[in-house]
Structure formats: structure tokens, C-alpha cells
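Hi there,

Here is the structure I promised to pass along. Have a look at it first, and then read on for what turned up.

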Amino acid sequence: IVDHVQDLHFGTAPDTVTSMGVWSNGNEYGVASGLMFSFPVYCTGGGCCRIAQPLHLGSKCRERIREAEQELLEERALAQKLAKKHGL
């Protein structure tokens with residue numbers, strides 16, 4: 001956590017990519033929008049980061065991303081169902 005805060009505050013070197021859980025909106029990896037998902041990012045400092053352009057990913061890595069995305073989508077659907085059931 002300390003490293004993430006430091007990267008967000010001070011930024012990373014211009015060519016340094018780190019992994020961080022960020023909103024998936026507008027990503028180029030094909031992950032559904034509206035999820036908190038771990039992506040490769042560049043931290044520019046001042047609390048800002050941007051998702052790195054798509055890196056070359058092997059088929060195994062792409063498969064694991066799809067599995068994680070599906071899991072998050074199912075969990076979100078369940079949470080929405082429970083919230084609706086309880087009037088939230």
C-alpha cells in the first residue's frame with residue numbers, strides 16, 4: 001500500500017509501469033467498464049495515473065484476465081440483486 005501511495009503521489013519514472021487496481025472504464029484491454037480491476041499503469045504524480053497502452057499478452061494471461069473479469073461481473077450482479085432485494 002505504501003508503494004502505491006508513493007507512486008500515486010510522486011509518480012513513477014516515465015517508462016516505468018506498475019500494476020494498480022483502477023476503474024476499468026475506457027481501457028484498451030477489453031475488460032468491461034465499471035469494475036475495479038488491476039491494470040498496468042503509469043503514475044504521473046499528484047494522485048493521477050493512466051492505464052498503459054495494451055501490452056503484448058500471451059494467451060494464458062488473456063485467459064486469466066477474462067476469468068477474473070467474469071468473476072467480478074458475477075459478484076457485481078449478486079451484490080446488485082441483494083441490494084435491490086433489501087431496498088438499497
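The structure holds 1 salt bridge, and please keep in mind that this is a predicted model. The two partners are Arg-66 and Glu-69, whose side chains meet with an N to O distance of 3.2 Å. Both sit in helix H2, which covers residues 59–85, and because they are 3 residues apart there, about one helical turn separates them. Their surroundings are worth a look too. Arg-66 has a relative accessibility of 37% and so counts as partly exposed. Glu-69, with a relative accessible area of 11%, is buried.

Next, the overall layout. The protein chain has 2 helices and 3 strands, and along the sequence they come in the pattern α-β-β-β-α. With a radius of gyration of 15 Å, well over the 12 Å that the globule rule gives for 88 residues, the protein chain is more spread out than a compact globule. The C-alpha trace spans about 45 × 30 × 20 Å along its principal axes. Of the 88 residues, 25% count as buried. The protein chain exposes about 6400 Å², and carbon and sulfur atoms supply 57% of that area. As for contacts, among those with a separation of 6 or more, 47% are between residues 24 or more positions apart.

Now to the inside. Which residues make up the largest nonpolar core? There are 11 in all: Met-20, Val-22, Tyr-29, Val-31, Leu-35, Phe-37, Phe-39, Val-41, Cys-43, Leu-57 and Ile-65. Two elements give two or more residues to this core, namely strand E1 (18–23) and strand E2 (36–45). The one that gives the most is E2, with 4 residues. Setting aside residues up to four places away in sequence, Val-22 touches Leu-35, Met-36, Phe-37, Phe-39, Val-41, Cys-49 and Ile-51.

Cys-61 is in no disulfide either: the nearest cysteine sulfur is that of Cys-49, 19 Å away.

- Thr-44 lies in strand E2 and counts as exposed, at 53% relative accessibility. Leaving aside its neighbours within four places in sequence, Thr-44 is in contact with Gly-11 and Cys-49. The C-alpha atoms of Thr-44 and Pro-14 are separated by 7.9 Å, although the two residues are 30 residues apart along the chain.
- Gln-53 is in the loop between strand E3 (48–51) and H2.
- Ala-79 is found in helix H2 and counts as partly exposed, at 45% relative accessibility. Ala-79 and Pro-40 are 39 residues apart in sequence, and their C-alpha atoms are 27 Å apart in space.

That is the tour for now, and I hope you enjoy looking around.

Best wishes

How values were computed
Residues numbered from 1 in each chain as written. Predicted model: local features only at pLDDT ≥ 70, side-chain atom pairs only at ≥ 80, totals over all residues. Heavy atoms only, no water. Core = buried A, V, L, I, M, F, W, Y, C linked by side-chain atoms within 4.5 Å. Buried < 20%, exposed > 50% of the residue type's maximum accessible area, 1.4 Å probe, protein only. Contact = heavy atoms within 4.5 Å. Disulfide = S-S within 2.5 Å. Salt bridge = Lys/Arg side-chain N within 4 Å of Asp/Glu carboxyl O. Rg over C-alpha atoms; globule rule 2.2 N^0.38 Å. Areas by Shrake-Rupley, 256 points an atom, 1.4 Å probe, with all protein chains shown as cover.
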